[in-house]
Amino acid sequence: MNYLTLENITKSFGEKILFENLHLTIAKGQKIALIAKNGTGKTTLLNVISGLEAPEGEKAKILVSKDITIKRLDQEPEFNDNDSVLEAALDSDNKKIKAIKAFEYAQITDDENIQDYISIIDDLKAWDYEAKIKEILGQLNIHNLSQKIGSLSGGQKKRLALAKILIEEPDFLILDEPTNHLDIDMIEWLEKYLSNQNLTLLMVTHDRYFLERVCNEIIELENGQLYTYRGNYSDYLEKKSARVQNEAVNLAKTKKLYLKELEWMRKSPQARTTKAKSRIDKFYEIKSEAKKFVANENMTMEIDMARLGGKILEAHNISLSFDDLKLIEGFSYKFKKGERIGIAGPNGSGKTTFIKLLTKAIAPTSGKVIIGDTVVFGHFDQENSALNGDKRVIDIVREVADYIPLKKGRKLTAESLLERFLFPRPHQQVFVKKLSGGEKRRLQLLKVLMLNPNFLILDEPTNDLDLVTINVLEDFLLNFEGCLIVTSHDRFFMDKLVDHMFILEGGGSVKDFNGSYSDYRESKKGSAKSPVVSESKKEEAPEIVQRKLSYNEKKEIQKIERTIEKLNKRKKEIEALFLDPNLDGGSISDLSKELGEIQTAIESNEERWFELSEIEG
């Protein structure tokens, strides 16, 4: 049964066409993820599907099954500030939900007629439903049902909105970044819930583990078109890679044909045949195809890093408390060069406050923090408060510098740097307030990196970023030689970058855990993969039989891959030169010698690459 069908859907923003003549069918039971770069029309497409925006053109059709209910989770849900949490969560026409709402309200107010509400629930056989509602509210950490909406934070409202639509059990759920503002326990619960329920889903998320475990189909909006991939995130990566390679081959053939036809077009009209008109028409079709490009998603980060001295950051027995509430108690640590530490803990455990303590943004109740003279912090936080919405994108960058120093003494103009961060020249003149949430995050990230930090602090860095930007950020951080602190609910991101954890357990306790985030999660389940040790007992930690690549070895394997790529490129250049009939004997000798050296270097690097790959498994 088809729940939703889109035909010939087109939408533009000014002169920019976001997408054109899209077709999409969503059937019962499908769990689909929508992937797209920030600013390419992802939210607009969701709005069209949800009926919040109308498509363009007379041929556009949106067909929705009459027998289904559709609910959407927005990133910024709206509630009545004067309502209580109970009123908002159970605001529904469903008889069972209304009965449970009356019963819960009677419990809060000690209503003497509570027995009547119990009888109504008995008649409706709704006690299982009541248990399910309590499970959903409890798992999403919603306990104070009498609290007013106006006193909730943005994250609490998002969790309440998620709870509300899960309680209503619609046939078709549209979720926009459902894992934002959820801690890891909540995310893992939601994964299992959505996987096990007989729901039809369309969701936007950057959480790759979530994509892997929940979705059975991924659709990607790229260059105004939709591409469909059956399977989960791993299947998507494999199938997209094959598609891009195929497109690159076809594009290369089209460009060769274009050059051939261009040569014919430049000839005088007398040299053309009587069938010229059809060939001319065909030429313009080929020209249009040849000017297309295969997205290589080559956003690059090669900002230089300020020198980092021997003394970096030291915390000496620091504590922080507010009245009887202990957030941090007796924490000590000395940071070393190249350390990559993750901070984890449930929502409200004080992760952001802990970071502010370490950077001396706030003072501890007792103890002291010492920061080395050469330390340059780069702080990428959850807010876009540092960006002035009334300024143009290019002006935001020029506030920092007109020219940006790169590695090896090179420089880059502000305009060129923005292009590398996927802001084309026309888009650089757009006011910041017109940018999407993800584009603002990308611009803020660029501004942080332009300061040449050697100690990066990333507080929920993946929120609102698209997968392309996240992958490039990960690659940059893997090669970053400074210190790194990350707090994130993105488990994939943490596992890829972090090999040491600080766990905020509540009551002021900070546990020092040697291992990745997944290792820590497994240890909580009773099957620890890595030992938990304090700083003073690290040398006594039991040896791990199957070791992982060290940070320096990870850097080495990345460097080897780049070296092999450069060597193969030069090898192809030399082989192409050998095809030149005018090549003299001396040049042939020199090139042959260089080719032999390159082949030896390739083999040597490949051998080392395989050694490291064996360790990595």
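At 33% relative accessibility, isoleucine 70 counts as partly exposed, a class that sits between buried (under 20% relative accessible area) and exposed (over 50%), computed with a 1.4 Å probe and protein chains only. Isoleucine 70 belongs to strand E5, residues 70-73; helices (H or I, at least four residues) and strands (E, at least two) are DSSP runs numbered from the N terminus. Together with Ile62 and Val64, Ile70 makes a nonpolar surface patch of about 200 Å². Such patches are made of residues with over 30% relative accessible area and no salt bridge, with nonpolar side chains (Val, Leu, Ile, Met, Phe, Trp, Tyr) joined within 5 Å and like charges within 9 Å.

A word on the source: this is a predicted model, where local features need pLDDT of at least 70 and side-chain atom pairs count only at pLDDT 80 or more, while totals for chains, interfaces and linings use all residues. Residues are numbered from 1 along each chain as its sequence is written, and side-chain values use heavy atoms, leaving out hydrogens and water.

Let's turn to the charges. The structure holds 32 salt bridges, each being a side-chain nitrogen of Lys or Arg within 4 Å of a carboxyl oxygen of Asp or Glu. Glutamate 191 meets arginine 491 in a salt bridge at 2.5 Å, N to O. Glutamate 191 lies in helix H7 and arginine 491 in helix H16 (residues 491-497), so this pair ties together parts 300 residues apart in sequence. Both glutamate 191 and arginine 491 are buried. Glutamate 191 also forms a salt bridge with arginine 213, their closest N and O atoms being 3.4 Å apart. Arginine 213 is in helix H8 (residues 208-214), so here the tie is between parts 22 residues apart in sequence. At 45% relative accessibility, arginine 213 counts as partly exposed.

Now follow the chain into an open sheet of six strands, in the order E14-E17-E18-E12-E19-E20 with mixed pairing; two strands pair if DSSP finds at least two bridges between them. Strands E14 (377-380) and E20 (509-514) stand at the edges with a single partner strand each, so one side of each is left without a neighbour in the sheet. Strand E19 (residues 500-506) runs antiparallel to E20, and six bridges join them.

Definitions and conventions. Areas by Shrake-Rupley, 256 points an atom, 1.4 Å probe, with all protein chains shown as cover.
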